[in-house]
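Here is a short tour to read alongside the model. Keep the sequence and the 3D view open as you go.

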Amino acid sequence: MSARIPSRRLGQSALAALRPHTQWIPSSSIASIAQRNISFGGKKDNDDLTNPLIEDYLSKKAKRAGAKGKDESADAVRPTPRTGDFAVTPTSLFLPEKEIPGWRPDLSPQEELELKAKYHKREQQVAVKGEKKLMDMTIDPDQKARRRLERKLVISGVKRHGRMTKAQKLLRTERQSLYQSQLLPTSTKKLQKVVNQIAGKTVSEALVQLRFSKKRVARDVIKGLEIAQNEAIAARGMGLAGEEAAVSRWKKQRTATDAGRPKDTWDYKTSKKDGSLEAKPVKVPFFKDTTIQLKDGSKKVVRDPSEIYIDQAWVGPGESWKSPEFRARGAINMLKHRTTSFSVLLKEEKTRLRISDEIQKKRDNRKLWTALPDRPVTSQRQYCLW
């Protein structure tokens with residue numbers, strides 16, 4: 001067996017293991033070690049160790065205890081908390097005058113007033129610009145698209161020498177509003193039957209038709225039609241020419257006792273009638289009741305040219321999803337859940353008045369039909385064509 005440690009050191013290591021490891025410090029060296037641990041410039045016997053703050057506090061405490069004649073423990077008083085407050089000026093560092101550009105301490109009172117007026121005017125202009133910027137987010141969100149459209153309209157106007165088409169004139173003279181509802185949990189076939197009942201009718205007539213409809217989705221159509229009418233009034237200004245008549249008509253629509261409720265909760269035979277619904281309609285000033293003819297040949301009496309009616313109404317499919325229906329013997333039927341939305345195009349009765357006049361003019365200008373018109377023979381053949 002070979003070892004890394006030489007054989008002569010093996011004996012020394014064995015003897016070192018038997019020796020004690022404790023080293024005793026002689027008493028003569030303790031004083032020098034303690035002297036080294038003392039910081040430079042140690043305390044002397046004549047140093048003053050008194051604290052004036054502590055002595056002042058103790059003396060005041062003793063005087064209070066002697067005056068009250070109580071124990072020191074009973075003299076403990078809870079200090080009152082100090083509460084802060086906000087600065088009087090807008091900023092705690094600078095005065096408001098120093099924030100005005102061009103302000104100097106040596107300004108005269110007249111110059112100071114003029115500088116402040118100029119500063120306030122500039123602040124108002126900045127506020128107006130900021131408000132316009134916020135409004136543009138809703139009114140004019142895409143400025144580049146608007147500029148492209150304006151450029152296109154200017155080019156078309158120059159080409160036509162300022163003349164407008166009939167469609168452009170109608171858009172400038174007649175109002176219309178398009179509304180699309182949210183997705184309703186029904187199919188297009190079911191909703192189409194309800195929408196067909198209100199197409200071509202005024203909003204008041206359509207609400208009456210929907211109130212007495214047996215279809216469950218008719219209640220959702222009532223809510224959507226009311227929202228569409230409100231948007232047309234607020235955004236397009238439709239239906240406001242009648243003034244008092246328009247307001248009374250709108251109130252009667254909203255105060256209907258059975259509006260938006262199931263048919264089984266209201267019965268025209270047993271339920272009480274609302275007195276407001278029986279009130280006579282307010283006449284529109286400076287307008288005479290006019291009988292017009294519609295496109296389908298039927299006639300209608302118009303009492304208010306600004307009354308809103310439903311020009312077009314259609315439905316469209318929305319999202320759909322499937323769910324399993326577990327049946328007997330391990331069979332599974334897949335159920336398809338459909339959603340549908342409806343859209344309405346609202347216009348004013350003024351549009352139907354114009355259409356009725358156009359129909360009447362076209363009928364008046366129609367030529368008399370003859371069985372054998374007197375026209376020249378343009379081509380002749382000497383043989384028959386059959």
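Helices (H or I, at least four residues) and strands (E, at least two) are DSSP runs, numbered from the N terminus. This is a predicted model, in which local features need pLDDT of at least 70 and side-chain atom pairs count only at pLDDT 80 or more, while totals for chains, interfaces and linings use all residues. Residues are numbered from 1 along each chain as its sequence is written, and side-chain values use heavy atoms, with hydrogens and water left out.

The chain holds eleven helices and five strands. Of its 386 residues, 19% are buried; buried means under 20% relative accessible area, exposed over 50%, and partly exposed in between (1.4 Å probe, protein chains only).

Now to two loops. Glu-243 sits in the loop between helix 9 (218–236) and helix 10 (244–254), and Arg-329 in the loop between strand 4 (308–326) and strand 5. Most residues other than glycine have a negative phi. Glu-243, however, has a positive phi near 55°, and Arg-329 has a positive phi of about 60°.

Here are the relative accessibilities of some residues in this tour.

| Residue | Relative accessibility | Class |
|---|---|---|
| Glu-243 | 54% | exposed |
| Arg-329 | 89% | exposed |
| Tyr-179 | 10% | buried |
| Phe-342 | 1% | buried |
| Ser-356 | 10% | buried |

Next, the aromatic rings. Rings of Phe, Tyr and Trp (its six-membered ring) pair if their centres lie within 6.5 Å; planes under 30 degrees apart count as stacked, over 60 as edge-to-face and the rest as tilted. The count by this rule is one aromatic pair. Its members are Tyr-179 and Phe-342, with ring centres 6.5 Å apart and planes at 65°, so the pair is edge-to-face. Because Tyr-179 belongs to strand 1 (residues 176–180) and Phe-342 to strand 5 (residues 332–348), the pair ties together parts 163 residues apart in sequence.

Ser-356 is part of helix 11 (residues 349–364). Leaving aside residues up to four places away in sequence, Ser-356 touches Ile-292 and Gln-293, where contact means heavy atoms within 4.5 Å. A polar atom of the Ser-356 side chain lies 3.2 Å from the backbone nitrogen of Gln-293. Across the chain, 65% of the contacts between residues at least 6 apart in sequence join residues at least 24 apart.

Key: A polar contact is a pair of N or O atoms within 3.5 Å; within protein, one must be able to donate a hydrogen and the other to accept it, and residues adjacent in sequence count only if both atoms are side-chain atoms.
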